[in-house]
Amino acid sequence: MNRQQRSNLIEFQPRAFNAGTVEYINSQWVFFDEETEEAALVDEFIHQEVEVQRNNKWCKGFLLDNGCIQTGKETITLQDQEMIKIRKQLIYSFERLLDELNDEAFVQFINTLNSLNFSIYDCIYCYNHLTFLDHEKGVSGVNFLILDNEEFICSVQHHFDYFETQNDRFELTLNNGKRTVIERIS
């Protein structure tokens, strides 16, 4: 699996965007999240990936200053009351953990989360113990994650043992008592 395949799996995760409308108020663009009804200045999302709905289709780009969006070679300007989607940011420690997993463990973990109706964008807490260890002689330990899909909570313990072989064991427990264990040894 190459970097592009990993990126595609991440890109098409459920709940990857906050959707809402933008309004031009007091010389500033304001984003109104349709789910939470919270307001935020659009400037808080500069350089993040956004999608804007134009002519009944979504145009992808990156948010620039002054309500402009760079879509490839074209720059478009936001319009008042326009519907947009802003890509959510992964928790940094979780993003690092995903980068450190080998391809098989990465795919198996994400597919298992998705089968339980969770997305990587549901992660609200991640303790990544791997970032604190020296990888030269091999490492072992546990990472802890909490995910919330607004219907259930999922607690994940990622037991890792990286010496001659690489062993990843994910223990997922939902708040309704459902448990799933996956293990990848390579």
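Of the contacts in the protein chain with a separation of 6 or more, 48% are accounted for by residues 24 or more positions apart, where contact means heavy atoms within 4.5 Å. The model is predicted, so local features need pLDDT of at least 70 and side-chain atom pairs count only at pLDDT 80 or more, while totals for chains, interfaces and linings use all residues. Residues are numbered from 1 along each chain as its sequence is written, and side-chain values use heavy atoms, with hydrogens and water left out.

The protein chain has three helices and 13 strands, taken as DSSP runs numbered from the N terminus (helices H or I, at least four residues; strands E, at least two). Its C-alpha atoms fill a box of roughly 60 × 40 × 30 Å along the principal axes. Buried residues make up 40% of the 186 residues; buried means under 20% relative accessible area, exposed over 50% and partly exposed in between (1.4 Å probe, protein chains only).

The axes of helix α1 (residues 3-11) and helix α3 (residues 103-115) come within 11 Å and cross at roughly 15°. Axes are lines fitted to C-alpha atoms, for helices over the stretch in contact, with angles running from 0 to 180 degrees between N-to-C directions. The crossing angle therefore makes α1 roughly parallel to α3 (angles under 35 degrees count as roughly parallel, over 145 as roughly antiparallel, 65 to 115 as roughly perpendicular and the rest as oblique). On the α1 side, Arg6, Leu9 and Ile10 meet Asp103, Phe106, Val107 and Ile110 of α3.

In helix α2 (residues 92-100), the buried residues are Ser93, Phe94, Leu97 and Leu98. They lie on the same side of α2, because they cover an arc of only 140° around the axis, the arc being that of the directions from the helix axis to the C-beta atoms. These buried residues pack against α1, α3, β9 (123-127), β10 (139-148) and β11 (153-162).

Two single residues were examined further. Threonine 112 is located in helix α3 and counts as buried because its relative accessibility is 11%. Leaving aside residues up to four places away in sequence, threonine 112 touches Leu172, Thr180 and Ile182. Glutamine 70 lies in strand β6 (residues 68-71) and, at 26% relative accessibility, counts as partly exposed. With the residues up to four places away in sequence not counted, glutamine 70 touches Lys60, Gly61, Phe62, Leu64 and Thr75. Glutamine 70 and valine 50 are 20 residues apart in sequence, with a C-alpha to C-alpha distance of 9.5 Å.
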